[in-house]
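This report describes selected local features of a protein model. The sequence and the structure come first, and the description follows.

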Amino acid sequence: MNYNQFLRSAGLTNLDLSSDKTNVGENAYGISFEQVNDLHVSCIRASDPNKVIAQIEALTNKGTDLNQFINEFGFNLLYFVRNGAVVKTLIDAGVNPDHRSNGQDHAFADHSNPACTAFHYSCYYFFIEAVKVFVEHVSDINVPDEDGFS
């Protein structure tokens, strides 16, 4: 299952991250997109949140900077994560809740805008558990994206 198929299976049916570059190459930190997306999918799916939380904690205990897990679309590990406990664990592990996507969003079919945060997406998709955590951790809940929407 590729990244797009996974996102659709997770109920994000109007989100299409189609790209010839999907899962090919490395990000700016030298981490393969395949490795980034595997961890991201685990966080999004969170079928066993305790297992995902243990995976996150194991990486941070090794000194891994999870802010370096940026996919080819500029999303960090917080984007599209519904489970509040996983969102909180990622933030507690140092993942930046104020991270903005890289501005490629206009090419997507989800009608998003450039420089969206994971908080924007959580609100857009009504991920209530995630929104509750973000409200406590983002620097500004009214921060606009590049098009001026918050």
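The side chain of Asn 76 reaches the backbone nitrogen of Leu 78 at 3.0 Å, a polar contact (a pair of N or O atoms within 3.5 Å; within protein, one must be able to donate a hydrogen and the other to accept it, and residues adjacent in sequence count only if both atoms are side-chain atoms). The model is predicted: local features need pLDDT of at least 70, side-chain atom pairs count only at pLDDT 80 or more, and totals for chains, interfaces and linings use all residues. Residues are numbered from 1 along each chain as its sequence is written, and side-chain values use heavy atoms, with hydrogens and water left out.

Asn 76 sits in the loop between helix H3 (49-61) and helix H4 (84-92). Helices (H or I, at least four residues) and strands (E, at least two) are DSSP runs, numbered from the N terminus. With a relative accessible area of 1%, Asn 76 is buried; buried means under 20% relative accessible area, exposed over 50%, and partly exposed in between (1.4 Å probe, protein chains only). Leaving aside residues up to four places away in sequence, Asn 76 touches His 40, Phe 69, Ile 70, Val 95, Asn 96 and His 99, where contact means heavy atoms within 4.5 Å.

The protein has 6 helices and 0 strands. Of its 150 residues, 48% are buried. Among contacts between residues at least 6 apart in sequence, 63% join residues at least 24 apart.

His 40, one of the residues touched by Asn 76, is among the buried residues of H2, which also include Phe 33, Val 36 and Leu 39. H2 has 13 residues and reaches 18 Å from its first C-alpha to its last, close to the 18 Å expected at 1.5 Å a residue; the expected span is 1.5 Å times one less than the number of residues.

In H4, the buried residues are Gly 84, Val 86, Val 87, Thr 89, Leu 90 and Ile 91. Their cover includes H2, H3 and helix H6 (128-137). Asn 83 caps the N-terminal end of H4, with a side-chain oxygen 2.9 Å from the backbone nitrogen of Ala 85. After H4 comes Gly 94, with a positive phi near 105°.

Helix H2 (33-45) and H3 each supply at least two lining residues, and H2 gives the most, with 4. The lining divides into 3 nonpolar, 3 polar and 4 charged residues.

Note on methods. Ala, Val, Leu, Ile, Met, Phe, Trp, Tyr, Cys and Pro count as nonpolar, Asp, Glu, Lys and Arg as charged, and the others, Gly among them, as polar.
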